[in-house]
Each structure stands twice: as C-alpha cells, then as structure tokens.
Amino acid sequence: MASHKSPASSAKQGLAPLEHMSKSDTILLRKRLVGESCKLFFRSDPLKIVRAEAQYMYDEQGRAYLDCINNVSHVGHCQPDVVAAASRQLAVLNTNNRFLHDNLVLCAQRITDLMPEPLSVCFFVNSGSEANDLALRLARTHTKHRDVITLDDAYHGHLSSLIEISPYKFKNIQNHKQADWVHVAPVPDVYRGKYRECDHPGEDMGALYAEDVRRLCEKSTAGGGGVACYIAESLQSCGGQIIPPPNYLREVFRHVREAGGVCICDEVQVGFGRVGSHWWAFQLQGDDIVPDIVTMGKPMGNGYPVAAVVTTRAVADSFRAAGVEYFNTYGGNPVSCAVANAVLQVIEDQNLLQHAKEVGDYLLARCRELQARHSLIGDVRGVGLFVGIELVTDRVTKQPATAEAQHVLSRMKDESILLSSDGPDRNILKLKPPMVFSKQNADTFMAVLDQVLEELDDGDLPDPVPEQPVSQTNGKTNGVNGHRRKSAAEA
C-alpha cells in the first residue's frame, strides 16, 4: 500500500509538490512506493489521467480519450446524480451497518426485486473479490462439501481463496500446485475451445461442454470432497469475452445440483444491464436459469467500492445456523448504499438497458462488417456493450495474433481511444465501455480500428508508432479530440 507524502516531503526527494507533479514524477513515485507488480495499462508509456466525464477520460495535458475499457464507471464517469448522492450522504452520516439505516434496506430491496425467485437475501461487501469469497463460504456451509468446479482461464478475484480457483492467475504462478479441491472445466468457447462449432455442426454445444462438468462432479464425489459449488462468470471476461452456447448453464446446473452442489454466477463484470436485454447476464440462457448465489461488484458503485452477494433463503439460513455471524465494517455503509441506489436509478431513468442493446447491436454489426474486410479478425462475439474481437494470423488454424493485438492497442491509444486485450493469448480486443457509449462513439472506434488494421494488412508488423500530436495522427484529424474540442468551444 502506498504511503501518503506531504508536498514538503515530496520536495525533499527532489520532486514537485503533489498538486503540480509531472507525469515523470508520478511514474517515479509509483515505482518507488507502489511497486512494479501493480499493473498499468500501456506500461511502456502509461497515461496519467486526471479527470473524466461520461465516456471520456482526460490526461494532464487536457487530451481526451474515448474510454472503451472502463466497465467500472458503469453509468459514465463522474455521473452527476451519483456524485450528488454520495456527497449528500457523506455530509450527514457514514458508519457501519450495525445501526439501522434506510439506504441499506432500500438498496437490498431494489437489488433483490431485480432477481428471479427464490433469490431474496442480500449481503453487502466492498468488492467483487469479497463477494466471491463470501459466496464460497456460503456454498461450503450450506452443502457441507469442499470441492469447487471452476472454468479454465477464469478470474474471480485477488484474495488467496480466489486465486486458487482462478486459472487465469494461478497458471502464471511459478511452481504453483493446483489444490486437490479445485476442478477445472473447459471454457465453453465454441470458436477455439475444446469443442468447436466448426467440428460439431448441428450439435448441442451447451450440453457437450456441460458433460465435462458432469464428469468433474463424478470425480469430486468419488474423491470424497463432494461438490460444494460450480462458479463461473455468466459471460467470461478476462478469459476472452466468451459467450456460452445455449443450454450450457441449464445442463451444468442440473449436473451440479444432482451432485449436491450449488451454482454461483459471477456478475461482477457483466451485471447491471450491460448485456442490454436483461439486468443479469445469466438470464440470457433462459428464464428458467436461476443460480443459487449471484455475486456483483464493479458497476454497482460506478467506481465507488460497493458490492453484494444475493442468495436464497435456504442458503442464508444455513449460514446463520452455523453460528458465525456475518459482519463487514464497510459493507452496506450508508454512503455505499446511497451510491448504489443512485446507480440503479440512473440506469432506469436513462433507459440504459435499451441503450446498451441498441448500441451493442449496432457495434457488433459494424465489427462484422470490418471482419469481412480484414482477415486478421477471426471472430466477433458479444452481447450488448460486452464485445470481443479475436485477432488471428490464420483463420483456418486460428493462430492467435498476439503481437498484432498489442500493436493495435498502442495505435488506438495514439488515436486517443483506450482499448484492452485479454484471453490466454492476449489476442482478443475487448470492449466494455461505460453504458453511455453511443453510436457516434462506435463509428469513431470503427473508423480508427479500420485504419489501424489497414496498416497491418500487408502481413508485416510495423515498428512501434511514436506519440503523435493531439490534433493529428498520420495526417488525419483525430476524431476523439476534434469532437471534444468542438463541444468545449460550443459550451
């Protein structure tokens, strides 16, 4: 954890006062006080972001960047209603949840009202990691079993309990030994996974992938641990923007429950209407698909630390009967709940689910138009404002275009568009922008991506492109900053 230095102490180290620090000073302090293990976007030339608004972020020089990364600021950076709600409550009271307060019960009611029956009990925590850790405790207490079935390339949080069930992380730990209570199922990726749609035409791909989960249930039962839970992101994010095939969760839930386990859907990355047609991504698989536990985080507070676990009365009662009361000092505090309530209100008032569906459908269609023109794009997948563009060097072999993907990220940044990549080979461009992302933003994004892919069409990876002036890149007007300068002048 970084120490807080006064302006005077910064001056003693040969640095400017904190309020006037240059980008290089900030980089120096971060290396010294935070450490190299904390990941930065664009590590070789990191951005210093000093303010943000809606779907735009601004560096210390006032340059605007279109944010296609930030699913944390769900309803837009610094959304005025959310900021006002936090400010009002912080000026009156903030304390732990051992006292009665209307914000907590109203927030719990609003969230559970958005859930299908019998999901009716809400626990408040501070982060998605805390939510998933509590979900594991609930599952094990209720089932009295130990084992966890997770997906390959899954990421569920940074706590020790969650690193153990996150192959996305633990596969990169030197000499890591997978715990005997962890069982890893194949990612239901019909494009490049264990079972590919091209190899199984007409088959029920969901049922096919679910069979592997059934076999793991049998293995767990035979080994004596017993299945405590199956946990998965409803749409896998860090693992590569994966959309499970139809019927997958239905069959998985059946197998897990027959083995005595419970089913956990991790909605930390994809909940609160990002998929457009529904509030929760698990609902994409059918109205009859109801997990036993749902976890949520990031978008719930629009950047403020608040998260939750929603479960059934039966699971909650088992947890209470175990005799260890649940308490979280900051979970459910009045300010956090005021913020979450405001986020929910903004989503409803601005009809952001419908907006995500309309803009997402438009964005996907534009991406597929681009796919038809550029062989580097192997697959386009997504739903709502959750989109993945997989880059490959060969569409037949599906060889990951990792270096090309990293070049695209760098060039898009040069053009003032923030994008990230993920998946086991880091070749999937992923878009999870704030929900206020517009069709105009989609057009800007597609025009720049088209230009960048044209640069790669000859098959040779160019040398890294140096930083370009704000107003122009390669002789062309920068659409992001050109648009934002015009808006500022008009204002």
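Me: Which residue of E13 is the bridge partner of Asp394?

Reply: That's Gln399. Keep in mind that we're looking at a predicted model.

Me: What makes E12 and strand E13 (residues 399–400) count as a pair?

Reply: Two strands pair if there are at least two bridges between them. E12 and E13 have 2 bridges, in the antiparallel sense, so they meet that cut-off. In their hairpin, 4 residues sit between the strands, and Lys398 takes a positive phi near 60°.

Me: How do you know that E12 pairs with strand E11 (residues 377–383)?

Reply: Here 6 bridges join the two antiparallel strands, and pairing asks for at least two. Val380 stands opposite Ile389 of E12. This is a hairpin too, with 2 residues between the strands and Gly384 in the turn at a positive phi of about 60°.

Me: Which residue of E16 does Ile389 stand opposite?

Reply: Leu429. E12 and E16 (residues 428–431) are antiparallel and share 4 bridges.

Me: Why is E12 called largely enclosed?

Reply: Because 7 of its 9 residues, in the run 386–394, are buried. Buried means under 20% relative accessible area.

Me: Why is helix H8 called roughly parallel to H9?

Reply: H8 (residues 205–223) and H9 (residues 248–258) pack at about 20°, with axes 8 Å apart. Angles under 35 degrees count as roughly parallel, so H8 gets that label against H9. The crossing is right-handed.

Me: What makes up the contact of H8 with H9, by class?

Reply: There are 8 nonpolar, 2 polar and 3 charged residues. Among them are Tyr209 and Arg214 of H8, plus Glu251 and His255 of H9.

Methods
Residues numbered from 1 in each chain as written. Predicted model: local features only at pLDDT ≥ 70, side-chain atom pairs only at ≥ 80, totals over all residues. Heavy atoms only, no water. Axes fitted to C-alpha atoms, helices over the stretch in contact; angles between N-to-C directions. Parallel < 35°, antiparallel > 145°, perpendicular 65-115°, else oblique. Left-handed = near helix turned anticlockwise from the far one by under 90°. Contact = heavy atoms within 4.5 Å. Nonpolar A, V, L, I, M, F, W, Y, C, P; charged D, E, K, R; others polar. Buried < 20%, exposed > 50% of the residue type's maximum accessible area, 1.4 Å probe, protein only.
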